[in-house]
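The following note sets out points for a colleague who is reviewing the model. Each point may be read alongside the sequence and the coordinates.

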Amino acid sequence: MADNLFNKPLIRVENLFKIFGENDVKKPTVNAIDNVSLEINRGDVMVIIGPSGSGKSTFLRSLNLLEKPSSGHIYVNEVDITDKNVDIDKHRQKMGMVFQHFNLFPHLTILRNLTIGPEKLQGRSLHDAEREGMELLERVGLADKANSYPSQLSGGQKQRIAIVRSLAMHPDIMLFDEPTSALDPEMVGEVLEIMKDLARSGMTMVCVTHEMGFAKEVGTRILFMESGRITAEGSPDEFFNNPSNPRLRDFLSKVLQ
Amino acid sequence: MSFSTMLSTMGEGMLRTCAIFFLTVLFSLPLGLVIMFLRRSRFFIVRTITKLYIAIMRGTPLMLQLLMWYFGPYYLFGMNIRGYRFAAIIIGFSMNYAAYFAEIYRGGMETIPQGQYEAAEVLGYSKAQTFFKIILPQVVKAILPSVTNEIITLVKDTSLAFTLAYNEMFSLAKQIAASQTSFVPFVVAGVFYFVANYAVAFIMERIEKRFDYYK
């Protein structure tokens, strides 16, 4: 069973649509995701790029149902999570997510931000969760902040914490929603370093980002989205050195200068 | 009447005043939470009824509401409940204050960024877990100043129990003042309310300080 699953894609998306405003006659409808199908395999570092409003964030947020798809199916380990009878909370615990604005819990210490999930949701002992929490903090060089509160940290530090908060849940996959877009320029590097380490360690990742350097260096598959569709896909080499899609060429010429 | 006799008479009233106060706080704070949830329900009919309830509780005098709670069962259903007076007072106060607290809680909920819900959601928290572990602690911090205001008002509002001829402290003060043609009972009453509210403010400030550890 386990072997079978391992050969199957981790996530399979089938004919996904997300239409905004479909229940509101006063607003125009927008096809934020327009018939997207793809597979994400274990170990993939998928980077999604595209102009703003192209639906990349909406697509990413659909993968763990933060956005409810209008139609289509999303299979995680061959289980259709769009099925109403599926316990989505259980699946979300295995799908880490990092947000643009960190969303750390301000009333909890840094260490508690890392341990509350494993302890309260996965039933691990506090001692166990804290030991691992400290290891994770060491890994991102923030062990000395264990007893600080989020408001005492810089943006880059907060995002590093947000990443390890997700890792503490032992996810199968990590979703990144523009993780460096809200950071001061000098803090982007420290967050990207953590993400690169994570990619090299074999973590399956889906990243919506404007960091082309990151995409080139550790991406295994790059996707270009426009108007809710995936209009180009390829390895970093094909993608950046030899783009065939004229819109993609235009986009790259703007972001790479 | 000697000063000490007067004080001991009023002292009994103070106990009754305190009983109204503490029982109202005890019931209205959690009840307000329930009303807040109903007010935010995704069902239109539940929302609307709750809105109407809050509008009535806030839009009519508490004194009138107390009379309704006390005399309502008799005039509406012909029920004659013995010893109902005190219960009617507590129900009236609690239902009224719960409406105010519900609106304060709702205001507090609005201050929590959507990202907090999403972060909890993607970690796999259920709705209840998200509320009690992540949202509520932050809401409490946000609403403490408004809750203090409301509780201070409650201390003074307890005097409205005189409407139902309940001998709380201020009713006694008026009776003694009238029978003894003395101004002293009013001074004593004033001092009592002031000291009680000073204590409330002091305690609430301590609680606020305990939440100062984060921004």
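**Notes on the predicted model**

Counted over all chains, there are 27 salt bridges. The model is a predicted one, and the points below should be read with that in mind.

1. Salt bridges in chain A. Glu14(A) is joined to Arg12(A) by a salt bridge whose closest N and O atoms are 2.6 Å apart. Glu14(A) is partly exposed, at 27% relative accessibility. A further salt bridge connects the side chains of Lys120(A) and Glu119(A), with an N to O distance of 3.9 Å; the cut-off for such a pair is 4 Å. Lys120(A) has a relative accessibility of 38% and counts as partly exposed.

2. A network in chain A. Salt bridges also link Glu193(A), Lys196(A), Asp197(A), Arg200(A) and Glu217(A) into a network. In general, side chains of opposite charge can pair when their charged atoms come close.

3. Arg106(B) and Glu103(B) form a salt bridge through their side chains, at 2.9 Å from N to O. The two residues are three apart in helix α4 of chain B, so about one helical turn separates Arg106(B) from Glu103(B). An α-helix has 3.6 residues a turn, so residues three or four places apart point the same way. Arg106(B) is partly exposed at 22% relative accessibility, whereas Glu103(B) is buried at 16%.

4. Ser94(B), in helix α4 of chain B. Ser94(B) belongs to helix α4, residues 85–110 of chain B. Its relative accessible area is 4%, and Ser94(B) is therefore buried. Leaving aside residues up to four places away in sequence, Ser94(B) is in contact with Leu23(B), Thr24(B), Phe27(B), Ser28(B) and Leu31(B).

5. Helix α5 of chain A: length and faces. Just after the helix α5(A) comes Gly141(A), with a positive phi of about 70°.

6. Helix α5 of chain B. How many of the 10 residues of helix α5 (residues 114–123) of chain B are buried? Eight of them are, and the helix is mostly covered. The buried residues of α5(B) are Gly115(B), Gln116(B), Tyr117(B), Glu118(B), Ala119(B), Ala120(B), Val122(B) and Leu123(B). After α5(B) comes Gly124(B), with a positive phi near 100°.

7. Two residues of chain A deserve a check of their backbone. Glu178(A), which is not a glycine, has a positive phi near 45°. Glu178(A) is located in the loop between β7 (173–177) and α7 (185–200) of chain A, and at a relative accessible area of 13% Glu178(A) is buried. Ser227(A), also not a glycine, has a positive phi of about 50°. Ser227(A) sits in the loop between β9 (221–226) and β10 (229–234) of chain A and is exposed at 53% relative accessibility.

8. Two further loops of chain A. Thr29(A) is in the loop between β1 (11–20) and β2 (30–40) of chain A. Thr29(A) and Ile19(A) are 10 residues apart along the chain, and their C-alpha atoms are separated by 6.5 Å. Beyond residues up to four places away in sequence, Thr29(A) touches Ile19(A), Phe20(A), Gly21(A) and Glu22(A). Ser244(A) occupies the loop between α9 (236–241) and α10 (246–255) of chain A; its relative accessibility is 64%, and Ser244(A) counts as exposed. From Ser244(A) to Ala232(A) there are 12 residues in sequence and 8.3 Å in space, C-alpha to C-alpha.

9. A nonpolar patch on chain B. Phe183(B), Phe186(B), Val187(B), Val191(B), Phe194(B), Val195(B), Tyr198(B), Phe202(B), Ile203(B) and Ile207(B) make up a nonpolar surface patch, with about 1,000 Å² of accessible area together. One of these, Ile207(B), lies in helix α8 (residues 184–210) of chain B. Ile207(B) is partly exposed, at a relative accessible area of 31%; membership of a patch calls for over 30%.

Methods. Residues are numbered from 1 along each chain as its sequence is written. Chains are lettered from A and ligands numbered from 1 in the order in which they are written. This is a predicted model: local features need pLDDT of at least 70, side-chain atom pairs count only at pLDDT 80 or more; totals for chains, interfaces and linings use all residues. Side-chain values use heavy atoms; hydrogens and water are left out. Helices (H or I, at least four residues) and strands (E, at least two) are DSSP runs, numbered from the N terminus. Patches are made of residues with over 30% relative accessible area and no salt bridge: like charges are joined within 9 Å, nonpolar side chains (Val, Leu, Ile, Met, Phe, Trp, Tyr) within 5 Å. Accessible areas come from the Shrake-Rupley method with a 1.4 Å probe; for residues, only the protein chains shown count as cover. Buried means under 20% relative accessible area, exposed over 50%, partly exposed in between (1.4 Å probe, protein chains only). Contact means heavy atoms within 4.5 Å.
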